Amino acid sequence: MKTYRRLLQFMVRYKGYFGLSFICMGAVALAKGGLAWVAGPLAQGIFLTKDKSMLTMMPVAILTVYIFRGLGMFGQAYFMALVSQRTIRDIQNAVYEHLLKMSLSFFVRNPTGILMSRITNDVNLVQESVSKALSEMIMESMTIVTLFIVAVLKDPLITIIFVVILPISTIPVVRFGKKLRKISTRTQVNFGIISSFLHETITGIRIVKAFAMETYENKRFRDRSHQLYRTRLKSNVVKGLSEPIMDLIEGIGVSLVIYIGGSSVISGRMDFAAFTTLMAAIVMMYSPVKKLSKVHYMIQEGMAAADRIFGLMDQVPEIQDSKGAMELAPVHEGVVFDDVYFRYGDRMVIQGVSLTVKPGEVIALVGASGEGKTTLVNLVPRFYDVTQGAIRIDGRDIRDVTMKSLRSQIAMVTQETILFNDTVRNNIAYGLDEISKEEVIRAASAANAHSFIMELPEGYDTVIGESGMTLSGGQRQRVSIARALIKDAPILILDEATSALDTESEHVVQEAINNLMKGRTTFVIAHRLSTVTSADRILVIQDGKIAESGRHEELLKQGGIYRQLYERQFKDEQNPREDPAG
C-alpha cells in the first residue's frame, strides 16, 4: 500500500484530467449496461412478436450505444494518457534528479546498466500500471457494477447465486498475482544485469575485438539471456494458467444461470425478455472480470518495478550539505589538510596527511599506482568525506560550506576526458549559462584548441559525438582544459592529464596546462615526473602517507623514493624496449 500511495502522490497533481477520464469511463460502463438492458426487449420484439418496428429500432439503438461508448472510450484513453504520461515524466525526472544528488561511492557500487534499467525499463512497467492497468481497472469495475444493477433489476435471486460464484474466480487471480510479483522482480533484476553487460561490452568493444573475445562475450551474454528467458517463461506460465481456470468457473456459472433461468421461464416466473436481458448482463459481466485478472497481473508487475524505483529514491546521499552550511567565499588563504584519514571499506587509504597549500602554489603528487594520490585530491571537492581530521579552505572546514559553492571554486582536468554528445562550444561552456562566444574562443585559444576547432565541419557548433569520439585524445584533452580555463576557478586539480598522450600531443597539451595553472592553487597528479619538475613542492605518496616532500632538486639529493622513481623512469625513457617488428 505504501507503494500505491507514493504513486498516487505523483498522480494527484493531475486530478482534473483524472476526473474527466473517470466521467468518460462511466459513460462506457453505462453504454455496456444499456446494451444488456435493451437486449431482452429487442430480442422478444423481433423473434417472438415479430414486430417490424423493433427490427428498425434495433440497429439504430445499437449503433447509438456504440457511438456513445466509442466517444467515452476515446475520452478516457486521451485523458488517462495525459495523466499517465505526465506522471511517468515526473517519476523519471525525480529519479534522475535523485541520481545526480548521490555521492560518487554510490556510482562505484551500482553499475551504469542497472541504473539505466531503473529509469527506462522499470519506469515503462510502472507506466503500464498507471495508464492501461489503472484505467481498465476502474472502467471494468464500473462496468461490472452497471451490469450487476441491470441483472438485479431483472432477477435478484439468480443474480445473488451468480454473485456467490463470481468471487471464486478471483481466487486464482490473487494467488497467481502474488507469485507473479516475485517473478517480475527477478525478471527486472535480470534485465538490469543484461543492460549493465551490454553497456560494458559496447563501451569496451575495442578491447573485446583486440583480444578476440567475441566468442567468450557471446557465451556470457547467452548465459544472462537464458536467465531472463527463464523468468519471463515462468511469468507467462502463471498468466497462462489463470485464464483456463477462470473460463472453467465462468462455464459453471453460466450453466447454472441458464438452468435456473430457463426453469423460471418454463414455469412462468420470468418472461423471455427478462431472461435474455439477465443472460446478456451476466455473460457480459465475465469479460470485465477476465480483464481485471490481466490488469491485476499488470499492476503486480508495475508495483514490483515501482518498489525498485522508490527503493533507489529512498537511498540517502552519503555526502550532503550540513545544516546551516554557508557559502564559500572566493579562496584567498589556501588549502589545509589537518591530520586527514580516509577509510574506504576495510582499508585505510589515507593515513594522517597534514599539509598546508598556499594560494597559487603548485603541489605535485607522485608515487606508485594505488598509493592514494587520486583519493587524496578527491577529498578536496568532497567526492568523499574524510574519516578523521579535516580539510580547510580559508580556515573553514569544507564540510561546513555548501557543496555547490565549494565545487564552483574547483576546476578539474583528468586523464579520462569526459565530454558530452554536444557542440564544442557547449562542452567548453559547460555549467555556465551566460558565456559569450568570444569568451569561449579566448579559453580555447589559451588551451591551444582554437586552430583545430576551426578546422571542424561547423567550427564551435560541431557536435563531437558520444564522449567526444570524433576528436583525437589530445584534442579532447585540450577541450577539457578550455572548459577548466573558462570556469576560472582558484583551485585546480590535474589528475594525470597527459599520461595517455603521445609525445607531440603531450607537448601541446602541457603548454595549455601551463596557461591554465597560472595564478591558481594547483594539485597535479603526475605519472611522468618530467612534467612536474618545476612544481613548488613535490609530495611522494606511499601507503596513503606523505613519505617525502620538497622541490625536485631537493628530493633528488635526498636519494630516497623520489630519486628511485625518477631514475627508473629516466632509464626507461633513455632505453625503450626494442620494437619486435623492427
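Select Leu153 first: this residue sits in helix α5. The model on screen is predicted. Now extend the selection to Trp37, Val145, Phe148, Ile149 and Val163, which together with Leu153 make a nonpolar surface patch. The patch covers about 530 Å². Colour helix α5, residues 112–154, along with the patch. This helix is the top contributor, with four residues.

Next stop: positive charge. Pick Lys179, found in helix α7. Of the elements involved, α7 gives the most, with five residues.

Now turn to paired charges. Side chains of opposite charge can pair when their charged atoms come close. With a nitrogen-to-oxygen cut-off of 4 Å, the count comes to 15 salt bridges. Zoom in on one of them: select Asp90 and Arg13 and display their side chains. The N to O distance in this salt bridge is 3.1 Å. What does the pair tie together? Asp90 belongs to helix α3 (residues 52–101), while Arg13 is in the loop between α1 (2–11) and α2 (15–48), so the bridge links parts that lie 77 residues apart in sequence.

Last, go inside. How many cavities of 30 Å³ or more does the structure hold? There is one. The largest cavity contains about 40 Å³ of space. To see its lining, select Leu379, Arg382, Tyr384, Asp385, Val386, Ile391, Ile398 and Arg399. Charged side chains are part of that lining: Arg382, Asp385 and Arg399 are among the residues there. Leu379, Val386, Ile391 and Ile398 also line the cavity, as does Tyr384.

Definitions and conventions. Residues are numbered from 1 along each chain as its sequence is written. This is a predicted model: local features need pLDDT of at least 70, side-chain atom pairs count only at pLDDT 80 or more; totals for chains, interfaces and linings use all residues. Side-chain values use heavy atoms; hydrogens and water are left out. Helices (H or I, at least four residues) and strands (E, at least two) are DSSP runs, numbered from the N terminus. On a 1 Å grid over the protein atoms alone, a cavity is a set of points where a 1.4 Å probe fits but cannot get out, and a pocket is an open set with protein on both sides within 12 Å along at least five of seven lines; lining residues have an atom within 4 Å of a point. Grid points are joined across faces, edges and corners, and a volume is the space filled by probe spheres set on the points. Patches are made of residues with over 30% relative accessible area and no salt bridge: like charges are joined within 9 Å, nonpolar side chains (Val, Leu, Ile, Met, Phe, Trp, Tyr) within 5 Å. Accessible areas come from the Shrake-Rupley method with a 1.4 Å probe; for residues, only the protein chains shown count as cover.
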